[in-house]
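Subject: Structure handover and findings

Dear colleague,

Please find below the structure that I am handing over to you. My findings follow directly after it, arranged by region.

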Amino acid sequence: PWPKRSLPPQRLTPPTQPDPNSVRESENAVVLESGRRSGRGLSARLRTRRLEGPPPPLHQRVLVHRFPMSEQQRLFADEPVEWELDDAEERLVATVLFPRGPAAEFDYIVPDRWRGVIQPGQRVRVPFGKSDRTVVAYCLRVTSKAVGRKPLKSIEGLVDREPLLSPAMVRLTQWMALHYLAPLGQVFETVVPAGVRQQAGTRKTVLLSLAPNAKELLRDLKLKEKQLQIAKKLFGDPPPMTAQQWARLCGCTPAPIQTLRKHGLLVTAEARIRTREHDEAPVAQRANLVLNPDQQAALDAILRQLNSREHRTVLLHGITGSGKTEVYIRAIQEVVRFGRQAIVLVPEISLTPQTKHRFRERFEEVAVLHSHLTDSERHWHWQRIAEGRVPVVVGARSAVFAPTPHLGLIVMDEEHEGSFKQDSTPRYHARDVALERARDEGVPLVLGSATPSLESFLRAQRGEYDLVELPRRVEGRPLPDVVTVDLRVDFVDKLSRGALSRQLAIAMNQALEQGGQVILLLNRRGFSTHIQCPACGSVLQCPHCEIALTHHVADQIALCHYCDYQIPAPAKCPECTFPGIRYGGFGTQKLEHEVRARFPRFRCLRMDTDSMQSHGSHEKALEQFRAGDVRILLGTQMIAKGLDFPNVSLVGVVNADTALHLPDFRAAERTFQLLVQVAGRTGRGERGGRVLIQTFNPDHPAIQAAVRHDYQTFAAGELPIREALGYPPYGAMARLVVRGPREKQAEAFAQQLAAEIQMAFTARSVAARTLGPAPAPIAKLRDNYRFHVQFQSLDANGLRAAISGATSGAKPPDDVQWIIDIDPIDML
Ligand code: ADP
Ligand code: ZN
């Protein structure tokens, strides 16, 4: 039943450290012992651990509940008071939480048979409510408490044999709940994937093992000769197995095995076994590259932090093509050598076969966690990671919760990416969660990017992070020449009627004729991005959202990109029936049309969420481009990130302004990042590369900085603006969004909540700024009117505490919903 091709767990245990499992057991013994005696023993031990010597290895820190502590625990951990010692009834109590119930914690007595078994992070069954119905709950902590006359119920059963979460992960979960003002139960359900909760891919089964007194039994039994022969084969210490497996081992049918079981030679126990393994074929291993001096310096900086055995964040600012991944790999090798595990976080879109392969050819075991895993696969990976069998975990946002028992390093590539923020409750940012986890577990965090977020960059400037730079591309390759094409001029000259300016078309022709490949970025999907009547001026809008409909040519529909509402593309104006309705604006479909018409000899492929809907199509498209059959790759930002194709000699940005004028304080930063990233897709081979950026705003600082590959100047220009306005990274921010089907009602509730939050600021003397309520930039979505309020303050904790206090009891009218987004990324 157990995986065949797997590392023995001890391989991950460094030679100098004791076996984590045995330590765990003895830790439990400590809990029990001190629990039975008094509080003083336990708290004394806790304190000793905290103060003496270097921080203990991770697995020895099981008992330290750093944060947050209940009132009772705080008393208990710091100054044991007299009543604690005197009280007659000290019992072992598990404090639990219901994932979908009230947000409060509840205490239950731990029955004697589960002393030392029940641990934080484990699920238990408990009686709840007047009717005592059985409910599943997460154990948060186990403490010895004076229960006195308090009538406490007892735990009824265990759901998991082992905790799903380590104590460190339980702490992280609690931190998330506090930081993002999210219900703790919901955070648990986010941290532990559904497939793990449901134990997908396993089934209950009965295992048979040899009875302890089997030898004596066999002597006393009068077995037939044939059965005796079989029975003798049972000895030799095999592990518990199913009846079928026993039969196979003994070379007989299941019937005699059942007979032996009836005689008591074999005893039964229930267990869960995996019904399937999900191993992937091993990849041929490749030798290390020789690092260049910049890479070596970056690696040394990371290794220094690894060897210090303390948490520190290293910001690796390396331009595109500077070889950041090689630095990560070498740092991870070091971590693995010491028997520890590493987590590598990448944007979901970068989880390409190329990325997987780059890690798989350097490490024998790599778990790749992406959003298309089945529940069973996810559970399988989770268990193997939790068993310490997998040294390297590569995954998107939620891989930050990988249950590595011996974490040694977290790496986040493309740390500036907005997709690291989850857009549903809990609205966590994986970078901040990674930081908290790394800090708590005492391991380094490496943040890598060619365009670091201003949040990370400012911290590095202030010395909170170590800044390491890779200012050159590997092997002396130059950065591509970047030039802008002023669309205003082009517009006036009427040199082109399509999406491609004359300059871009000429450059494409040149690149293609010389055998190169071309990437075209247009961050808008669909064919025509707005449909307008020239007679009455009305724009075709979604009736459920305040969004213009986009024409999709393949299906001849007008589609809402937010709610998927669609109608047949009209030939005349639905308002005034004028027959000359106009389809304007460029989307990727129209661009594809134009490119095919102008470059019929070269194969062209479009990549956007419409063309990449089926699973695997993304990988297939990239494979075709890599093979060179496809010469022109065009698409939305999904083609801008992380791709490494040496033959790309031209990148064209069809419209650099799509994100520039969004009502979002990060609009310039996003534009800069996108341009630098997409420009980085070229000049990666011998061929060199060029970039043409079409824009109506060639003088915009973000575009100018991108033209010069000049991060420093961009940051130096943008940071003072943020500071003056109190925006992140200087001030903390929270966003309240209220939505409801009736406009007035939603607005009124937004006003009421905002007023209550403002009163809480005053009451707590938190200096904060409130903007709004105002209609959100997307004022109506799926028949709901949306209002938002922004809160800003230099005092992040005060901001959070006031909002939490003011909103905890908020009761919106029926149909009205509200959310609080801490450190928001999405401002629409
Ligand atoms: P980045 O992530 O910084 O954009 P990559 O890690 O993708 O850069 O590296 C770009 C290319 O350079 C890859 O093909 C990689 O294999 C190669 N490379 C990295 N380091 C070296 C090196 N020291 N010598 C030669 N090639 C290297
Ligand atoms: Zn809609």
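**Findings**

An open sheet of 4 strands, paired in the antiparallel sense, runs in the order β27-β28-β26-β29. Its edge strands, β27 (768-781) and β29 (817-822), each pair on one side only. From one strand to the next, the twist averages 20°. Please bear in mind throughout that this is a predicted model. Within this sheet, β27 and β28 (residues 784-793) are joined by 8 bridges in antiparallel pairing.

An open sheet of 3 strands has antiparallel pairing and the order β18-β19-β20. Because β18 and β20 (566-568) stand at the edges with a single partner strand each, one side of each is left without a neighbour in the sheet. The twist here averages 30° from one strand to the next. The antiparallel pairing of β18 with β19 (residues 557-559) extends over 3 bridges, and H551 stands opposite A558 in β19.

**The zinc site**

Which residues donate to the zinc ion (ligand 2)? The protein donors are the SG atoms of C542, C545, C560 and C563, and they lie 2.3 to 2.4 Å from the ion. Along the sequence, these donor residues follow the spacing C-x2-C-x14-C-x2-C. The arrangement around the zinc ion (ligand 2) is tetrahedral because the 4 donor atoms subtend angles of 107 to 113°, and the criterion asks that all angles lie between 85 and 135 degrees. Both C542 and C545 are buried.

In helix α20 (residues 588-598), the buried residues are T588, Q589, K590, L591, E592, E594 and V595. The elements that cover them include the helix α19 (502-513) and the strands β16 (517-521), β18 (550-552), β21 (582-584), β22 (604-607) and β23 (632-635).

Two packed helices are described by the angle between their axes and the distance between the axes. For α9 (residues 225-233) and α11 (residues 254-262), the axes come within 10 Å and cross at roughly 80°. The two helices are therefore roughly perpendicular to each other, since angles of 65 to 115 degrees are classed in that way. On the α9 side, Q227, I230 and A231 take part in the contact, and they meet P256, I257, T259 and L260 in α11.

**Two individual residues**

Is E326 buried or exposed? Helix α13 (residues 324-337) contains this residue, and E326 counts as buried because its relative accessibility is 6%, with the limit for burial set at under 20%. Leaving aside residues up to four places away in sequence, E326 touches N288, L289, L291, Q295 and R362.

Q712 is located in helix α24 (residues 711-725). With a relative accessibility of 39%, Q712 counts as partly exposed. Its contacts, not counting residues up to four places away in sequence, are H317, F457 and E469. Of these, F457 is 255 residues from Q712 along the chain, and the C-alpha atoms of Q712 and F457 are separated by 9.8 Å.

With kind regards

Conventions
Residues numbered from 1 in each chain as written. Chains lettered and ligands numbered in written order. Predicted model: local features only at pLDDT ≥ 70, side-chain atom pairs only at ≥ 80, totals over all residues. Heavy atoms only, no water. Pairing = 2+ DSSP bridges. Axes fitted to C-alpha atoms, helices over the stretch in contact; angles between N-to-C directions. Donors = N, O, S within 2.8 Å, 3.2 Å for Na, K, Ca; no water. Tetrahedral: all angles 85-135°; square planar, octahedral: opposite > 155°, others 65-115°. Buried < 20%, exposed > 50% of the residue type's maximum accessible area, 1.4 Å probe, protein only. Contact = heavy atoms within 4.5 Å. Parallel < 35°, antiparallel > 145°, perpendicular 65-115°, else oblique.
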